[in-house]
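Me: I am new to this structure and would like to learn how to read its features one at a time. Where do we begin?

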Amino acid sequence: MSAVAASSQLREARAFRLGALWLAVPGLLFLAVFFVWPVAQLMGLSLFDPNSGKASIATYQRIAATDVYLRVLGITFRIAGYTALYSLLIGYPLAYWLSRLPDLYRGRMLLFVMVPFWTSYLVKTFAWMIVLGRSGIINSLATGSGLVDQPLTLLHNEFGVMVGMVHAMVPLAVMTMLPVMAGIDRRLVQAAQTLGASPAHAFWLVYFKLSLPGVAAAGLLVFISSLGFFIVPAFLGGRRETMLAQLIITQVQELLNWPFAGALAAMMLAAALISCWVYDRVFGISTIAGGAAQVGTGRIRDLGLAILAVIARFAGALSRLAQTLLGRRGSGFILPAFAWLVIGFLVLPTLLVIPLAFTSSQFLEFPPPGYGLTWFRTYFESPLWIQATIRSFLVAFATAIAATTIGGFTALALANSRTRWSGLIFAFFLAPMIVPRIVIAVGLFYLFARIGLVATDLGLIIGHTVLAIPFALVTMAAVLKSYDQRLDQAAATLGANRLKTLTGVTIPLVKGGLVAAFLFSFITSFDELTIAIFVSGGVKTTLPKQMWDDMILQLNPTLAAVSVVVFVVVTVMLLVAERFRSSSSSAS
């Protein structure tokens with residue numbers, strides 16, 4: 001009798017695992033309708049003549065025959081490439097320093113990276129406009145101290161664009177590399193030194209080699225994200241720094257040339273997919289989510305080891321020089337000092353906006369001549385700003401509920417499934433994070449224009465949910481990774497059905513992760529601009545969209561006050577989310 005009972009229990013547990021994938025079906029359908037189909041439609045528009053309706057590649061021929069478009073394409077790839085390179089060069093030492101800290105201290109220091117990461121691109125760009133402007137903080141200090149006679153040209157050129165984009169992307173690079181670095185066993189480096197390797201050779205040929213998948217993943221994500229940038233080049237760059245996303249916006253909003261916008265979007269998407277394909281061939285795409293990396297072999301591997309050996313010798317010479325000049329103890333402060341400089345680069349620009357929000361002046365000048373609450377009163381007494389703020393909160397709340405539900409059920413499905421489809425499903429749900437946002441936004445705009453969802457709150461919620469699902473899924477997957485599945489099996493053994501097991505066992509134990517996923521989704525929606533530019537239709541304005549409109553017209557202290565409001569909301573949400581996520585992970 002006991003054998004029969006055990007067999008029955010085994011069948012129940014197996015049925016639970018097989019049936020778990022059905023929990024991902026709602027999310028699959030949602031993304032198929034509001035992600036895959038709009039993007040596919042947009043790509044399809046570029047292959048048809050709008051006049052005859054016949055298949056045509058005229059739009060691509062026009063791009064190939066026009067120097068302006070090819071130049072913009074080259075500028076986009078160059079800026080995205082440089083952004084990825086500089087973000088890795090700046091972010092790697094910071095990630096390495098963080099990985100060496102004790103877990104508790106590392107979690108606290110990581111907030112200095114996460115807060116800038118989640119802070120709105122508009123707020124960060126506005127901060128750099130204040131810092132780098134002709135009458136900005138740097139020029140005020142430089143001219144006031146007599147270092148220069150004339151203000152430096154730091155804005156509306158490639159320098160301003162690179163500063164803004166690297167500042168925005170370094171946190172992404174650090175957060176991508178850090179999990180890989182934290183998982184590397186430090187004893188391997190110590191073993192290499194025990195066997196006679198110098199510290200430099202042990203680092204470059206052992207540690208750096210093991211961290212390379214994280215470095216490549218960070219470079220991939222930064223490059224793909226940078227391809228779709230338009231906020232930073234629009235405000236910090238000039239005509240020579242026009243990027244592909246800006247052309248797409250112009251083609252849709254001003255010229256209504258959908259086939260040409262589709263062709264430009266197809267080129268951007270193709271660049272992103274080719275980058276992912278190359279990365280997958282070299283490392284395996286699963287390493288982005290923390291999977292094991294593929295080990296390269298053959299001539300490429302030998303060439304890479306030879307290059308690392310040369311770098312190790314050069315780094316060893318520099319290390320000996322530093323120890324000679326500064327001493328062993330003094331040279332040990334180089335890495336922490338550099339890490340704190342990078343943290344200052346990430347945090348200080350946004351913090352400098354805070355005193356400007358309380359200025360008594362009619363203009364943005366630093367330091368403020370006096371302080372007051374004039375501009376906060378202007379913000380809170382403006383029906384336009386308040387309506388935009390309320391709408392942002394309501395849309396973000398609804399988005400967070402939808403994204404957390406879909407992401408939570410999908411994470412639960414993947415955690416309880418061991419089929420070959422799990423990896424493919426996980427990659428599919430991460431796709432909205434990889435595909436440039438401008439492509440998703442234009443595709444949704446085309447779809448919503450045909451079904452009447454433009455200038456509606458529902459349209460904003462749907463669009464924001466598409467973007468928030470990957471963050472909710474990754475958060476819940478990290479929590480469920482350490483969740484003991486035997487608790488669910490025990491509940492099933494004691495007679496609980498799936499629904500009762502879910503509500504009585506699983507959800508109570510991972511509620512911290514659910515709250516964190518909810519808050520991360522809320523922040524994603526609250527800060528989102530790309531979807532709002534197209535879907536709001538200029539009627540259902542959100543707070544970021546209203547900031548965008550005002551920044552285009554004129555910089556004023558009201559924008560500083562709004563930036564402070566956004567910064568405070570995001571920071572509080574982030575701190576609460578991190579607390580719940582950490583407590584849930586430790587409890588599991």
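**Reading salt bridges and beyond**

Reply: We begin with a pair of charged side chains: Arg187 and Asp185 form a salt bridge, with 2.8 Å from N to O. Keep in mind that this is a predicted model. Arg187 is exposed, at 60% relative accessibility, while Asp185 is partly exposed, at 31%.

Me: How many salt bridges are there?

Reply: The count comes to 4 salt bridges. One of them joins Arg78 and Glu158, whose closest N and O atoms are 2.8 Å apart. Arg78 belongs to helix 4 (residues 67–99) and Glu158 to helix 8, so this pair ties together parts that are 80 residues apart in sequence.

Me: What separates Lys545 and Asp549 within helix 26?

Reply: First the general idea. An α-helix has 3.6 residues a turn, so residues three or four places apart point the same way. Here, Lys545 and Asp549 are 4 residues apart in helix 26, which means about one helical turn lies between them. Their side chains meet in a salt bridge, 3.1 Å from N to O. Lys545 counts as buried because its relative accessibility is 8%, whereas Asp549, at 25%, counts as partly exposed.

Me: How many residues of helix 26 are buried?

Reply: Helix 26 covers residues 543–553 and is mostly covered, with 8 of its 11 residues buried.

Me: Which residues make the nonpolar surface patch?

Reply: Phe314, Leu318, Leu321, Leu325, Leu326 and Ile334 make a patch of about 630 Å². Helix 14 (residues 299–331) gives the most to this patch, with 5 residues. Leu325 is found in helix 14, and it is exposed, with a relative accessible area of 64%.

Me: Where is the largest cavity, in terms of the residues that line it?

Reply: The general idea is a probe test. Rolling a probe the size of a water molecule over the atoms shows where empty space is left. In this model the count comes to 1 cavity of 30 Å³ or more, and the largest cavity holds about 30 Å³ of space. Its lining is made by Tyr121, Lys124, Thr125, Trp128, Gly164, His167, Ala168 and Val232. Helix 6 (121–132) and helix 8 (158–182) are the elements that give two or more residues to that lining. Helix 6 gives the most, with 4 residues.

Me: How far apart are the C-alpha atoms of Ala217 and Thr176?

Reply: They are separated by 6.9 Å, although the two residues are 41 apart along the chain. Ala217 lies in helix 10 (residues 199–227) and is buried, with a relative accessible area of 1%.

Notes. Residues numbered from 1 in each chain as written. Predicted model: local features only at pLDDT ≥ 70, side-chain atom pairs only at ≥ 80, totals over all residues. Heavy atoms only, no water. Patch = residues over 30% accessible without salt bridge, like charges linked within 9 Å, V, L, I, M, F, W, Y side chains within 5 Å. Areas by Shrake-Rupley, 256 points an atom, 1.4 Å probe, with all protein chains shown as cover. Buried < 20%, exposed > 50% of the residue type's maximum accessible area, 1.4 Å probe, protein only. 1 Å grid on protein atoms, 1.4 Å probe; cavity = no way out; pocket = protein on both sides within 12 Å on 5 of 7 lines; lining within 4 Å. Points joined across faces, edges and corners; volume = space filled by probe spheres on them.
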